[in-house]
Amino acid sequence: MFFDAVRNNKRVVQVFLALITLPFAFWGVDSYVRNAGAGADLASVGDSKITKQQFDQAWRAQQDRLRQVLGASFSPESMNTPAAKLAVLNSLIDQRLLLLEANKQRLGASDDLLRGVISKIPALQENGQFSMARYQAALASQGMSQAQFEAQLRQDLTLQQVVGAIADTGIAGSTVTDTMLRIQAEERQVAEWRIGPEQFASQVKVEVPALQKYYEENANRFEVAEQVRVDYLVLSLDSLSAQLTPSAAEVTAWYESHRERYQQAEERRASHILILASGDTDKEKARAKAEGVLQEVQKSVTRFAELARQYSEDPGSAEKGGDLGFFGRGMMVKPFEDAVFKLRENELSTLVQSEFGYHIIRLTGVKPGKQRSLAEVRSEIEDELRRQAASRRFAEAAEAFTNMVYEQSDSLLPAAEKFGLKVRQSDWLPRSPAPELLAALGQLGNQKVLAAIFSDDSLKNRRNTEVVEVAPNTLLAARVNEHRPAVTKPFETVKAEIEVALKAKEASALARAAGEDRVSALQQGAEDKIAWSPVGKVSRQAVRQLPAVAMKAIFQADVKKLPVYVGAEVGGGNYMLYKIIAISHPEKIDDNRRQALQREYGTIVGQEDFAAYVTGLRQQYNIDINKSALEGGER
């Protein structure tokens, strides 16, 4: 949804989501502080109830979020477990606790804050400026009124105040930070020597009985998986929408009944010079400076851009000669807006004071408000009517499609003809594809779809599968047309493959044993006759400089007495010996790195503080969970 941008631009929200993973669900703050009504309530937080309807809404929101994250690999069945249900309910309980606490503390979001946040949502901007037309269109696409969206956003901003008051106060001490920086920045001078499995290849012999035994004990490794090819149908909102063409009369009627949606408000373009001011003393100095600049501008208005680049303290517009582009009402702070909409084109303002300081404004352009013509918005209206008609048709067609696929189970053609769909053909599908292959299977890469395809009724009786919802407003049914049972490759065809694998395994074991013996001997004082290869300095900050197992061995080594020898099996059958020659620390700790690390640790401390805060709230309120109602029935 377009207002996800609002939630994602605050660090406190990221901290909050570490504990509460659901998007905030909206029912209005007042519904949290009174009894939500009768019914099978799933939980209570003090006198506030969490109803089944509210849980179902959050449940669907969580599924949608996981679908977006996991794509085709998302499995609805994975959420239909007691643990998943309880996790969603606990998230709602934590949200409810925060809302109750916000209400108790009389926290809220002002209209100015609300306008400021909405105006900065990228999806609602056109050419870098807020667009009322985009705002209204986005709301319509989500089926929300302006009041509903702004109430939901106001609730989110209120919750951010509660979260931020705790999560943004985490502080990491400078002593701890400096100690960690010294540890991270420590460098160890290292040389290396490799013992590879190829050095022992000639010593390895594998007899046929060993190959036969490995084949029998690992028969599943040589199995060609069961596969099918299927025909399938997809009934979706998009497929129905593509079949619809709104008439010219319908488009005209919609336009006439929604003319207000297509009114383009007046926009003005202005440039300004801003002199920042904060405290009383600064305000006096800033005003004096601004008055001096104003006098200079008044002498030569044509030099406005040059003077803005010279004097303006607004970093966003100074380099552009003070230009702010076009904007409508409600997009700027009120004193600034009032001044702009009183000016005539090319007119210069007197000093205008706002919460930021003093502005000198020049109006550089006016776009009068106008009614967008039917020709301009025809494609928008056609898309809207097509979407609405498809939504109504899909709701009606879904049940009929499901029934037809089931009742006429010997063919998909009747359903295809009735709903104007194309029967598609798949490539070979395995019964249990690896997780990384699911996405490549597209809509067929759904665990419930695959389970239906490989069911006995589908494979043996060649009946249509059940209809499966593979995405919101998207239904799929399939029918097996070709089947390959699983088979195990004969021993003779895989004998050479097994021999290579066993020889490599044995050679690697010999390399590891030789390496461990050499490290042990060096550690006990044996003479070092190895022709070491130089590696150079390694540190914990350069984690990719060597394999992780090697870095771990090097930095776990006791370096009180040098040189020190350690070893590690690094993959590919290779065993590496490392000689630690010298240790060094930076003379000075970088201030930027210190500050970054303090912020990082501060975030961790803030998370811990917030977790403790929520735990404390849970102890203050009487929380009761109706487990039987929660676990009853599938969703």
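This is a predicted model: local features need pLDDT of at least 70, side-chain atom pairs count only at pLDDT 80 or more; totals for chains, interfaces and linings use all residues.
Residues are numbered from 1 along each chain as its sequence is written, and side-chain values use heavy atoms, with hydrogens and water left out.

The protein has 23 helices and 22 strands, taken as DSSP runs (helices H or I, at least four residues; strands E, at least two) and numbered from the N terminus. Strand β9 (residues 267–276) runs antiparallel to strand β12 (residues 357–367), and 10 bridges join them; two strands pair if DSSP finds at least two bridges between them. Strand β12 also pairs with β11 (residues 352–354), in the antiparallel sense and over 3 bridges. There Val352 has His359 as its bridge partner, and a hairpin of 2 residues joins β11 to β12.

Of the 635 residues, 42% count as buried, meaning under 20% relative accessible area with a 1.4 Å probe and protein chains only (exposed is over 50%, partly exposed in between). In soluble globular proteins, nonpolar side chains tend to be buried together. A nonpolar core is here a set of buried Ala, Val, Leu, Ile, Met, Phe, Trp, Tyr and Cys residues joined through side-chain atoms within 4.5 Å. The largest such core has 27 residues, and Phe55, Leu89 and Leu98 have the most contacts inside it. Elements giving two or more residues to this core are β1 (43–45), α3 (52–70), α4 (82–104), α7 (146–167) and α22 (591–620); α4 gives the most, with 9 residues. A second, separate core of 20 residues includes Leu235, Phe394, Leu412 and Ala415.

Aromatic rings form a further set of features. Rings of Phe, Tyr and Trp (its six-membered ring) pair if their centres lie within 6.5 Å, with planes under 30 degrees apart counted as stacked, over 60 as edge-to-face and the rest as tilted. The count comes to 11 aromatic pairs. Phe401 belongs to helix α15 (residues 374–407) and Phe419 to helix α16 (residues 413–419), 18 residues apart; both Phe401 and Phe419 are buried. Tyr214, Tyr215, Phe222 and Phe491 form one aromatic cluster.
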